[in-house]
Amino acid sequence: MPTRRPVRAARTAAAVALLAVAAAGCGDSGGLKAAGAAPTAISPARLWPDLRPASSPAWPYDEGSSETVKGITVPGEDIRTVDPVAVVRAEIASDPADYGAKGAYHATAERMRECTAGGGGARCPLLKPYYRDLTGDGRDELTLGFRLYPTNQTALRVYTVEKHRLVQVLDDNDAIIGVELAGRTVIVRSPAGITGYEYRTTWAWDPQQKAMVFSRDEFLRTGKGRHHSRTPSPSRSRSPSPSASASASASASASASASASASASASASAGA
């Protein structure tokens, strides 16, 4: 018999009892009941009201930009007619600093040679493409992802079409564990340095900049794993400290003396 079944039965019995109590209370006169005192509202405290404004803008966090992809046209402005492999190869050709022999992602360029049309191939780094309207113009955009070697990061790209031209509107390289499309936003999930947490970055379409811009960055608990804890240094001895040992010895001696006294008293009482 499964060990969880008695627990479920107990929970079921408790639920039935609660329902019975609730049913018995249905005959009361009703009316409003007080839920207790409400907490006092506290207005936000404004710090440094006389602080002078900064003389320069805040540090930009990937404000977003757009760039026309050279060498690729979009017949009929249908982005589904564009070959994703050709799109990635065009980026590699335009950026020898990153994808060249001495670039950070040189192995990606080598693996892209094994990609067939559409993204097939055992070592092809290109991931499955997705199509969705992210700009609100009624036409699909292209969301691409491909692995970056040897860093094992993931490249995230979003493309749209403007006057038969393919335009990149999102360019993000990161350690990515998941991507979601919600409405006109792209949500990127990345691992955090603390177990059980992750980062979630949201990119939203901005019609003024005509690009996907950074809109939100969250640090969230996933509910998995344990809390981050510091590991004791290997150089530290696991044996108790001298003071702890002395205290333990003293406690043991006191306990032994008490036991001996009790035994002697018991013997004296028995002899009397």
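Visitor: On what basis is the model read?

Guide: This is a predicted model, in which local features need pLDDT of at least 70 and side-chain atom pairs count only at pLDDT 80 or more, while totals for chains, interfaces and linings use all residues. Residues are numbered from 1 along each chain as its sequence is written, and side-chain values use heavy atoms, with hydrogens and water left out.

Visitor: How is a pair of aromatic rings described?

Guide: The distance of the centres and the angle of the planes describe such a pair. Rings of Phe, Tyr and Trp (its six-membered ring) pair if their centres lie within 6.5 Å; planes under 30 degrees apart count as stacked, over 60 as edge-to-face and the rest as tilted. The structure holds four aromatic pairs. One of them, between tyrosine 99 and tyrosine 105, is tilted, with 5.9 Å centre to centre and 50° between the planes.

Visitor: Are tyrosine 99 and tyrosine 105 buried or exposed?

Guide: Buried means under 20% relative accessible area, exposed over 50%, and partly exposed in between (1.4 Å probe, protein chains only). Both tyrosine 99 and tyrosine 105 are buried.

Visitor: Why is the pair of tryptophan 203 and phenylalanine 214 edge-to-face?

Guide: Their planes stand at 75°, with the ring centres 6.3 Å apart, so the pair is edge-to-face. Tryptophan 203 is buried at 3% relative accessible area, whereas phenylalanine 214, at 26%, is partly exposed.

Visitor: Which cysteines does a disulfide join?

Guide: A disulfide is a pair of cysteine sulfur atoms within 2.5 Å. Here cysteine 115 is joined to cysteine 124, with 1.9 Å from S to S. Cysteine 115 and cysteine 124 are both buried.
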